[in-house]
Amino acid sequence: MGFRLPGIVSPKRSLSRYSSNAKKNLDTILDIPKGYFAVYVGESQKKRFVIPISYLNQPSFMDLLSQAEEEFGYDHPMGGITIPCSEDTFLDLTSSLSV
């Protein structure tokens, strides 16, 4: 004799839902070339940028990451680093780092 508690999801259903989400996340991760990482930039609408790891050696970029840590922390629902600035500001900064 079995009984069912409301609100409890069967492990099989939960696992299939997790697998499909993991596949989507894996596809996103796989499109980042070696030596790069993804960040999300924007004030209201977030846009994803893939940038070189070498930017981590730049003091101006590290300042931007410190601001991101203060505002968002490292555990963000988008699954990546979110930088709290406008896209224009970010593009200006990264174009100066590329030179």
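How exposed is Glu 87, in terms of relative accessibility? At 28% relative accessibility, Glu 87 counts as partly exposed, where buried means under 20% relative accessible area, exposed over 50% and partly exposed in between (1.4 Å probe, protein chains only).

The model is predicted: local features need pLDDT of at least 70, side-chain atom pairs count only at pLDDT 80 or more, and totals for chains, interfaces and linings use all residues. Residues are numbered from 1 along each chain as its sequence is written, and side-chain values use heavy atoms, with hydrogens and water left out.

**Salt bridge**

A salt bridge is taken as a side-chain nitrogen of Lys or Arg within 4 Å of a carboxyl oxygen of Asp or Glu. The count by this rule is one. Its partners are Glu 87 and Lys 47, whose closest N and O atoms are 3.9 Å apart. Glu 87 belongs to helix 3 (residues 87-98) and Lys 47 to strand 2 (residues 47-52), so the pair ties together parts that are 40 residues apart in sequence. Helices (H or I, at least four residues) and strands (E, at least two) are DSSP runs, numbered from the N terminus.

| Residue | Relative accessible area | Class |
|---|---|---|
| Glu 87 | 28% | partly exposed |
| Lys 47 | 41% | partly exposed |

**Aromatic pairs**

Rings of Phe, Tyr and Trp (its six-membered ring) pair if their centres lie within 6.5 Å; planes under 30 degrees apart count as stacked, over 60 as edge-to-face and the rest as tilted. There are three aromatic pairs in the structure. One of them joins Phe 49 and Phe 90, which are tilted, with 5.0 Å centre to centre and 45° between the planes. Phe 49 is in strand 2 and Phe 90 in helix 3, so this pair ties together parts that are 41 residues apart in sequence. Both Phe 49 and Phe 90 are buried. Phe 37, Tyr 55 and Phe 61 make up one aromatic cluster.

**Helix 2**

Phe 61 is also one of the buried residues of helix 2, along with Leu 64, Leu 65 and Ala 68. Pro 59, Asp 63 and Glu 70 are exposed, on the face turned away from the buried side. The buried residues are covered by elements including strand 1 (36-41), strand 2, strand 3 (81-83) and helix 3. After helix 2 comes Gly 73, with a positive phi near 75°.

Definitions and conventions: Contact = heavy atoms within 4.5 Å.
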